[in-house]
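Please consult the sequence and the structure below before reading on.

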Amino acid sequence: MRPLRPAATSGLAALGREFAKFGVVGGLGIVVNLAVFNLCRTVTGLPVVRCSVVATLVAIAFNYLGLRHFAYRDRDRSRRSRQIALFAAFSAIGLVIENGVLYVATYSFGWDTPFQNNLFKFLGIGAATLFRFWSYRAWVFRALAPGDPASHGDPSNSTSNPAAYHPETTAPPP
């Protein structure tokens with residue numbers, strides 16, 4: 001078995017750090033999500049899935065701020081409106097995944113106790129998190145390639161030039 005090349009190990013270490021930062025923001029987002037969900041369930045008369053949607057929207061706003069200013073602060077900031085639109089679109093898909101799990105558990109199987117609501121809310125968050133990590137990393141908070149004009153590097157080495165594409169950005173060149 002061949003040892004990993006230094007570039008491969010540094011790439012894995014960078015991915016590990018990125019995943020850890022995403023995890024910190026996501027972990028706090030889960031706390032916010034579940035706290036708002038349970039508060040809404042106990043204080044309002046809203047149905048369980050509506051409370052979940054409200055909680056998810058609050059957590060999405062919290063997570064955007066945490067991801068933009070902590071986990072991905074070194075990423076491309078040149079097209080902020082595009083970034084927010086993509087974040088909203090992928091978050092909406094995550095919202096459907098997350099709340100779809102709770103909806104099916106509650107209305108198809110009749111699992112509607114507070115414990116079951118929280119369990120399926122948590123499982124939905126987990127499923128949606130996998131999708132969100134991939135989509136945010138690949139499309140919303142894209143890594144800047146060395147020499148990318150947005151990073152004030154050499155414009156001749158732009159990511160719009162396929163020869164300058166760097167696989168660590170995950171997403172294909174625009």
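Tyr136 is buried, with a relative accessible area of 3%; buried means under 20% relative accessible area, exposed over 50%, and partly exposed in between (1.4 Å probe, protein chains only). The structure is a predicted model, in which local features need pLDDT of at least 70 and side-chain atom pairs count only at pLDDT 80 or more, while totals for chains, interfaces and linings use all residues. Residues are numbered from 1 along each chain as its sequence is written, and side-chain values use heavy atoms, with hydrogens and water left out.

**Aromatic residues**

- Across the whole structure, a search finds 14 aromatic pairs; rings of Phe, Tyr and Trp (its six-membered ring) pair if their centres lie within 6.5 Å, and planes under 30 degrees apart count as stacked, over 60 as edge-to-face and the rest as tilted.
- One of these pairs joins Phe131 and Trp134 in a tilted arrangement, 6.3 Å centre to centre with 45 degrees between the planes.
- Both Phe131 and Trp134 belong to helix α4, where they stand 3 residues apart, about one turn of the helix; helices (H or I, at least four residues) and strands (E, at least two) are DSSP runs, numbered from the N terminus.
- Trp134 is partly exposed, at 45% relative accessibility.
- Tyr136 forms an edge-to-face pair with Phe141, 6.4 Å centre to centre and with 85 degrees between the planes.
- Phe141 is buried, with a relative accessible area of 0%.
- Tyr136 and Phe141 also belong to one aromatic cluster, together with Phe19, Phe22, Tyr64, Tyr72, Phe87 and Phe133.

**Packing of helices α2 and α4**

- The axes of helix α2 (residues 48-71) and helix α4 (residues 114-140) come within 12 Å and cross at roughly 35 degrees; axes are lines fitted to C-alpha atoms, for helices over the stretch in contact, and angles run from 0 to 180 degrees between N-to-C directions.
- From α2, the contact involves Val48, Ser52, Ala55, Thr56 and Leu67, and from α4 it involves Asn117, Lys121, Arg132 and Tyr136; contact means heavy atoms within 4.5 Å.

**Ser91 in helix α3**

- Ser91 lies in helix α3 (residues 80-108) and is buried, with a relative accessible area of 1%.
- Leaving aside residues up to four places away in sequence, Ser91 touches Ile60, Arg132 and Tyr136.

**Cysteines**

- The count comes to 0 disulfides, where a disulfide is a pair of cysteine sulfur atoms within 2.5 Å.
- Cys40 is buried at 10% relative accessibility, and Cys51 is buried with a relative accessible area of 0%.
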